Amino acid sequence: MRMADEAEESVPALRYEERPDGPAVVLLDQTRLPAEEVELVCTDVPGLVGAIRSLAVRGAPLLGIAGGYGVALAAARGDDVAEAAGRLAQARPTAVNLAYGARRVEAAYEAVLRAGEGEAAAAVRALEEARALHREDAEACARMIGHGFALLDEFAPGRSLRLLTHCNTGSLVTGGQGTALGVVKEVHRAGRLRWLWVDETRPLWQGARLTAWEASRAGMAYSVLADSAAGSLFAAGEVDAVLVGADRIAADGSVANKVGTYPLAVLAAHHGVPFVVVAPVTTVDPATPSGAGIEVEQRPGGEVTELTGLPSVGAREPGAVGGAGFALAPVGAPAYNPAFDVTPPELVTALVTEQGVLRPVTGEGIAELCSTSRGE
Ligand code: MRU
């Protein structure tokens, strides 16, 4: 029963495929959801970079997997693998998983070349490494879900829960069931989800379009709310815990995630509600000392000033970024459009990774997490 449920909920977000016309990375085009389930076939690295920039493929763990398969694709095509890895790693700046995935597969490719086994063998090895990364992410999801569920049970033993989430952190953005939304799914399977509050997640509606899509496929009781309505929900005592993902976690435990996450953390602290971040260890970046060092992607202003940016909310060409939508602001209005914000560690009640629960979130704890994951 459990297996059938999981199969039903799982989403074929991304796969690598040998096609009659050559290899390809095939994506479920997330800019078209929830209106249509359309696949986007990327036969080369520029095509995949375009899909990453337009958010056809998105979310930190899936970006890592896409980056890995992108390098494998370049290797299979006989392209310049180092150049491809560089282009992929830099396609978006904030989610550290993207560079991690691309560089990891590049390193596997280079190691075979250095051993003198030639480009064909190196390309085979690159694909193996990308598939391993994909598999490991699915396994990490399963472990995070177990730890996250146990943590919620500790907060509210045996009780049903009203959970609030932001952006989209489910099967659409991981190799498995998801990070934060994966935990929500487990609470639902256990019959303990009283309600899921889904922040719409302006400006690109990842909550309204994608989390609501996953929640309804899973049969959850949920409501979509305007991001600005969260405060009144907390004030009314309607939220038992907040669960979110992460794009990069700095060495001091600062968490970069979809813009709008930080205000939720402030609200949660004010109202004494647990604020839980669920992310794989690949999202931790020990090379970035603090939140101030995290590069936050700035996106086109049209995503804020126009009702557009996505084919599912306006008449647009797939893969396009910005412009040509229904005007929400005077023509030419300047906009502030950071894609992410940074939550300081003192506002994070707990960080759930595949290795367990870090609580409180401190630089020492993060350092230990990183050394454990390197097997030290
Ligand atoms: O701009 P996006 O849609 O790629 O942003 C995604 C997020 O912020 C997610 O919350 C984060 O990557 C975690 S996904 C498990």
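Q206 sits in helix α8, residues 206-217. Helices are DSSP runs of H or I with at least four residues, strands are E runs of at least two, and both are numbered from the N terminus. The model is predicted: local features need pLDDT of at least 70, side-chain atom pairs count only at pLDDT 80 or more, and totals for chains, interfaces and linings use all residues. Residues are numbered from 1 along each chain as its sequence is written.

R92 lies in a loop, between α4 (81-89) and α5 (96-114).

UniProt, in an unreviewed entry, places the feature "binding site" at R58, G59, A60, R92, Q206, N257 and K258. Such annotations may be inferred rather than shown by experiment.

The table lists contacts, meaning C-beta atoms, placed from the backbone, within 7 Å.

| Residue | Contacts, leaving aside neighbours within four places in sequence |
|---|---|
| R92 | I52, R53, L63, L98, E297 |
| Q206 | C167, N168, T201, T211, K258 |

Q206 counts as buried because it has 26 C-beta neighbours inside 10 Å. R92 is buried too, with 22 C-beta neighbours inside 10 Å. Buried means 20 or more other C-beta atoms within 10 Å of a residue's own, exposed means 12 or fewer, and partly exposed lies in between.

Now the ligand. Its shell has 18 residues, and R58, G59, A60, G245 and K258 come nearest. The elements α3 (60-77) and β9 (255-258) each give two or more residues to this shell. Shell membership needs a C-beta atom, placed from the backbone, within 6 Å of the molecule. By class, the shell holds 8 nonpolar, 7 polar and 3 charged residues. Nonpolar covers Ala, Val, Leu, Ile, Met, Phe, Trp, Tyr, Cys and Pro; charged covers Asp, Glu, Lys and Arg; the others, Gly among them, are polar.

How values were computed: Contact = placed C-beta atoms within 7 Å.
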